[in-house]
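Here are my notes on the model, point by point. Please read them with the coordinates open.

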Amino acid sequence: MGKKVLIVDDSSTMRKIVTRCLRQAGLEFEEVLEAGDGQEALQVLQGAKVDLILSDINMPNMDGLAFLKEKAGNDAIKDIPVVMISTESGDDIVTEAKKLGAAGSIKKPFTPDQVNETIMPLI
Amino acid sequence: MVEPQELISFTQEIFSTMIMMDVRPGEPITGKYEFFQSSITGMVGLAGKYKGMIAIHVPDNVAKTITGNFLGCGVEEINEDVHDAIGELANMLGGSIKACLAESSKDIELSLPTTVLGMQYSLQSQDDVKVMTIPFSVEGGEFLVEIQLQEK
């Protein structure tokens, strides 16, 4: 059975770019689900089982770090790997995201090779 | 302050990796551009150790070309996708500049990107900021990348 990915970013353009980049990186998913912020992502995850989450950090309503906290407290979704894709590349932000359960991070702008290298081991 | 060559490198990296477009820099300009025609401006604000903003000012026709390359399809009108794409460019530029200026991520906060569009509009800034603007040539025309910074 094919794998599903959830892309969380307040920019619809970026969600499309990440989807295209996954294909260019040779990562095929049966279904790509989208959410505009952390809150919307939690709603999507109530109704769909995904294998991987790719999330921005700076978002309105619920940002990526708050989303990680919420996800960690929810037994049904806490084990889904999350990779942060963000313009935020500082060591302290990346460390905080990892403390909150992020499996990896990718800095924008990114190349398909960087996406492949980070995501391939997780799926 | 960010050096002109750094701003050029950040812009070229974003365009080459995310949009697959070559951009050629012109000579940096130190004066302020305040009036724009038939353009869209994407901006992010900085607060903390430095305050100011990073903006990208793009004429409508160039913005449609950039958005088309971003999305991999033709864009005929200035729509939500164009706002989103130009805002995201400002966001990525902001992230690169923050990484360049801040020793710790908490030194500088970035705002979410905003866009302004119009047949004619003006953007006014404080007088006590350092301003650097770099023009870039790209397929279909030119655009400007501007940084306004004040160290606190």
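1. Met20(B) comes first. Its relative accessibility is 49%, so Met20(B) counts as partly exposed. The cut-off matters here, because exposed means over 50%. Please bear in mind that this is a predicted model.

2. The backbone at Met20(B) also deserves a look. Phi is near 55 degrees, a positive value in a residue other than glycine. Met20(B) sits in the loop that runs between helix H1 (4–19) and strand S1 (24–25) of chain B.

3. Ser38(B) lies in strand S2 (residues 35–48) of chain B. With a relative accessible area of 28%, Ser38(B) is partly exposed.

4. One peptide bond in chain A needs a check. The bond between Lys108(A) and Pro109(A) is cis, with omega about -5 degrees. Pro109(A) belongs to the loop between strand S5 (104–107) and helix H5 (112–119) of chain A.

5. Now the fold of chain B. It has 3 helices and 7 strands. Along the sequence they follow the pattern α-β-β-β-α-α-β-β-β-β. The radius of gyration of chain B is 14 Å, close to the 15 Å that the globule rule gives for 152 residues, so chain B is as compact as a globular protein of that length. Along the principal axes, its C-alpha atoms fill a box of roughly 45 × 30 × 30 Å.

6. Contacts and burial in chain B. Buried residues account for 49% of the 152 residues. Take the contacts between residues at least 6 apart in sequence: 70% of them join residues at least 24 apart.

7. Surface and charge of chain B. The accessible surface is about 6800 Å², and carbon and sulfur atoms hold 47% of it. There are 9 positive and 22 negative side chains. The centres of the two sets are 9 Å apart.

8. The largest nonpolar core has 61 residues. Those touching the most other members include Leu22(A), Leu54(A), Phe110(A), Ile56(B) and Ile66(B). Helix H3 (residues 80–101) of chain B gives this core its largest share, 9 residues. Another core, of 22 residues, lies apart from it; Ala41(A), Leu42(A), Met59(A) and Ile77(A) are among its members.

9. What does Ile66(B) touch, leaving out residues up to four places away in sequence? Its partners are Phe15(B), Ile19(B), Met21(B), Val58(B), Ile86(B) and Leu89(B).

Methods
Residues are numbered from 1 along each chain as its sequence is written. Chains are lettered from A and ligands numbered from 1 in the order in which they are written. This is a predicted model: local features need pLDDT of at least 70, side-chain atom pairs count only at pLDDT 80 or more; totals for chains, interfaces and linings use all residues. Side-chain values use heavy atoms; hydrogens and water are left out. Helices (H or I, at least four residues) and strands (E, at least two) are DSSP runs, numbered from the N terminus. The radius of gyration is taken over C-alpha atoms; the globule rule is 2.2 Å times the number of residues to the power 0.38. Buried means under 20% relative accessible area, exposed over 50%, partly exposed in between (1.4 Å probe, protein chains only). Contact means heavy atoms within 4.5 Å. Accessible areas come from the Shrake-Rupley method with a 1.4 Å probe; for residues, only the protein chains shown count as cover. Lys and Arg count as positive and Asp and Glu as negative; His and the chain ends are not counted. The place of a charge is taken as NZ of Lys, CZ of Arg, CG of Asp or CD of Glu. A nonpolar core is a set of buried Ala, Val, Leu, Ile, Met, Phe, Trp, Tyr and Cys residues joined through side-chain atoms within 4.5 Å.
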